[in-house]
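The model is shown below.

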Amino acid sequence: MKPTSSKGEQAVINWYKQKKWKPFAFQNEVMQAYLLGKSGLLNAPTGSGKTYALWLPILAEFLNKNKVSTKSELQILWITPLRALAHDIQLAMQTACDEMGIAWQVACRTGDTSASQKQKQKTKPPQALVTTPESLQLLLAQRGYKEYLGTVKTIVIDEWHELLGSKRGVQVELAISRMKTLQPFLRVWGISATIGNMLQAKQVLLGSRFDEEDSVMIIADIEKKIEIETVIPEAIDRFPWAGHLGISLLPQIIDIIESGKTTLVFTNTRSQTEIWYQNILLMAPQLAGAIAMHHGSLDIEIRSWVEQALHEGILKAVVCTSTLDLGVDFRPVDIVIQIGGPKGIARFLQRAGRSGHRPGEVSKVFFVPTNTLELVEAAAMKEAVKLKIIESKPPLDLSLDVLVQYVVTLAISEGFHAPEIYEEVIQTYNYRNLSAAHWEWVLRFITLGGDSLQSYEEYKKVEIIDGLYKVQSRRVAMLHRLSIGTIIADPALRVKYMSGKNIGTVEESFITNLKPGDVFWFAGKNLEYVKVKDLTVLVKNTTKRKGIVPRWAGGRMPLSSQLSQMIRNKLSDAANGNSKEVELIALSDLFELQKKWSAIPNPNQLLIEKIVSREGYHIFFYPFEGRLVHQVMAAMVALRISRIEPNTFSIAMNDYGFELLSDKPIAIEDALEQDLFSIINYEADIRAGINQAEMARRKFRELAIISGLVFQGYPGKYVSNKHLQSSSQLFFDVFEKYDNQNLLYLQSFEEVLTQQLEFARLTEAIHRIAQQEIILRSPPRFTPFAFPIMADRLRESLSTESIEARLERIKMQLEKLADKS
Amino acid sequence: MQIQSLPTAAGYIHEVCGELLTLLPQKAIYWAAKKILIISDLHLGKATHFRKHGLPVPSEVANYNFLDLDALMLATQPKEVILLGDLFHSKINSEWEAFRQWRCQHEGIAFHLVMGNHDILKKQTYHDCQLTMHAHTYQILPFVFSHEPLNDATLGYNLAGHIHPSVKVMGKGRQSIKLSCFHFTPLGAVLPAFGNFTGTCIIKPEKTDDVFLILENSVVKM
């Protein structure tokens, strides 16, 4: 379109030619926008050449400047969420420089970078630096950061969709707000995969100091072809329960693995990864040595080895969790298998994209249901992909813990003037509503240690010297620096061989239930527990079989609301006999029985089932809103029912519905008459129904670490602080008792409500239900919809051995009844 | 009996070696027959110690420690107070002076301190505060008082602190709550930590032990 191209553009065109690559339209678009001096957000998938899309315009602009000086000052800052990626990106960037004859140095700075390298980067800055959000904060904690970062012309945030909605993303927002003052012409670019709220993503990235005209949104016109195939079991369980079905599909899974070059097998939890790895090996011993596993609790060395082996194409398959969702492309990967419902469309697409990632190639993904009802999820997923529906990543709001950390960071390097920083901070998206009163509170908190003016003389952290907020104590500064780099992890114990080799980490609660001599299955090995010493679990290999698999908290992802919506639509198709998808046709027997014994709701109905069994009186509700929303809704419903007639319930739920169980009859008809799902006072009822304080107490741990209330410790760095040890729990207790207006304390409740309990979604669901027609049925036995919820409850209350047999027995009885009816 | 001046519903009277001990929800033991009040692990000064190092513990914590002590003294009216160690958390700070003043308000009462691992102040400091110091143990039969629990009962039934015991009580829906407790074994007993900015350690009692849970205003046997 354009008549002439500049010197820099020409160099880039030549570079593409040499590589025999043809630039995509979006790559050209970024070039034009960048050379015009704009900021923006590039929406491009992994593996589309998105790094070059931004890096080449940067180099072109440099070449266009007449003076080809390569002064030793930082020009470009490149932020990546994963430090494992930093090195690969740096390599790609450096290579492009070298090939275009630009004498730039691209360096990498992460938690793994040695002190001497960091020192070198400080005295002789590279022209470009690839780093993580934490390391960027650490740069702000350095004396002289203003001069160091003041020369930066462009900051690029890679994988912005990963950072958006997290506190690390907020750290980035704050850093940008500071750099924009140091360099008023700073350009900010983000690179993001597709999410539901792209415009908002751009708004959060740029904050309010960027005009609309100065910024662009560029969408990669790459049509990524995805082929989704569901592995449909031969025999369909009419009474499905989670985890049971998947393993019976092993022969098909092994066939798929054998058919391709390299397969990534994604599971939803770390425990599932262990179990599947074990089972694949049992069924296909010929794969020994050619398959591996990868999850967040394995030692970094093991993980790096697996990643390297993936690159080299020497592995046939890797069983993994979300730890391999992101990152550089593993070229040999040509097949992806997803085991169990992925619960979200974006996550599923991200995983699917790990295969056939080169432009033009098709991503091939197999979906393996772990219970028959997940076939509905598969059909819903396919529909969503077809309709290009995708989840949003809601940004965080008013994260005061991050703000406390940030201002202390500024106070330990050069100190700060409060009015200047306030002006900057309120230009960010997160703190756009930060009131002057909240800001004052933050300042008092870091200088006086709280709101009270009593006995403040002894508090020592940030001091005000001639209006400058500054940390004087070297010890405070050191502790703070160490805590910036800390990743908030669950308290975990290291697992090591007696000989000293690291294997990974398990949670403390798992180990406390083990006795020496017990066998557990971890990292694909049978390990015998020997003892715990200095927060380390010592183990040795054993030939004993039948170990238990560790459980890690937070493994289960809830169903996203977009996918829930799709599922409700698919069920309605099934109810009306309009199913076309193979997945749903395969389920026709199950649907038939569900209809016969009860009903299948359509989107404007809520199905409730009332069942009496030897266990007691059950009520099942099916809002199809995901486990988290069900948990809260169940608590609210239980509270409202027991107001009519006092009763106690045990509660169970899955992604499709929830169950209330009592040993006496439940007055559900009365409750429905009195408007059980009324929107009046529901917020108060929810607060009363759940033990929010306990949830907030757990949430508070993260806030306490980020805002520097407790020091988590740092691997390899021992800090003598014998008399300063405490826990976030202890802080929570004293705030609760003596300072319950503390904003960090209050924030923990807010975060439970908005993030953990997805309050907005819950509100929406309750409004929807208030409009729905309620169908109350009294089926003779547990229906196909009810059975998996009941099974989940039983499994959590009983030991594994006895429960499997018992569930099978119940299932057989139900099947018999179903055949007769 | 003195017990009557107590909020009796609150305390739990437990018989040990023929003596009646009142286990108080204020995290202390009152030995009514001898008019002795036994308190462990006050960790005074801890909040201020933290604050000096930039950790913003609410300063009210310190004041409430003294308010709690006042309430306890008023309810029991003891003739003697035995402190089972870890009276002061670390190096000296303003809270010690507050304690000294508080001590002066109770002139007529004898105070005994069995030294704990945190008690690192100068001897003179304790003397100035009219505390009778005991390096390891202090004996009033049938009991022997110490900071760390003793392994044998040769000197008497041991009353000690140091552990900050608590138990995890499981509730419905896999919820659990941690409660401070008194832990009585055949050899001796461990008191809960009195200080209101102290953590706890979850104990695993044996079948032969008795555990008394501290609720809001009462003590119950588990």
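Helices (H or I, at least four residues) and strands (E, at least two) are DSSP runs, numbered from the N terminus. This is a predicted model, in which local features need pLDDT of at least 70 and side-chain atom pairs count only at pLDDT 80 or more, while totals for chains, interfaces and linings use all residues. Residues are numbered from 1 along each chain as its sequence is written, chains are lettered from A and ligands numbered from 1 in the order in which they are written, and side-chain values use heavy atoms, with hydrogens and water left out.

**Backbone geometry**

- B:Pro142 is found in the loop between strand 8 (137-140) and strand 9 (143-146) of chain B, and the peptide bond that joins B:Leu141 to B:Pro142 is cis, with omega near 10°.
- A:Ala523, a residue other than glycine, has a positive phi, near 55°; its loop runs between strand 19 (519-522) and strand 20 (525-533) of chain A.

**Cavities**

- A cavity is a set of points, on a 1 Å grid over the protein atoms alone, where a 1.4 Å probe fits but cannot get out; lining residues have an atom within 4 Å of a point.
- Grid points are joined across faces, edges and corners, and a volume is the space filled by probe spheres set on the points.
- Six cavities of 30 Å³ or more are present, and the largest cavity has a volume of about 90 Å³.
- The lining of the largest cavity comprises 14 residues, with A:Ile176, A:Ser177, A:Leu206, A:Gly207 and A:Gln427 nearest its centre.
- Helix 9 (167-182) and helix 10 (198-206) of chain A are the elements that give two or more residues to this lining, and helix 9 of chain A gives the most, with four residues.
- Because domain 1 (7-219) and domain 3 (400-486 + 692-714 + 722-756) of chain A both give residues to the lining, the largest cavity lies between them; the domain bounds come from an automatic or database domain assignment.

**Helix packing**

- Axes are lines fitted to C-alpha atoms, for helices over the stretch in contact, and angles run from 0 to 180 degrees between N-to-C directions.
- Helix 9 and helix 17 (residues 400-413) of chain A pack at about 40°, with their axes 10 Å apart.
- Helix 17 and helix 20 (residues 474-484) of chain A have axes that come within 10 Å and cross at roughly 130°.

Methods: On a 1 Å grid over the protein atoms alone, a cavity is a set of points where a 1.4 Å probe fits but cannot get out, and a pocket is an open set with protein on both sides within 12 Å along at least five of seven lines; lining residues have an atom within 4 Å of a point.
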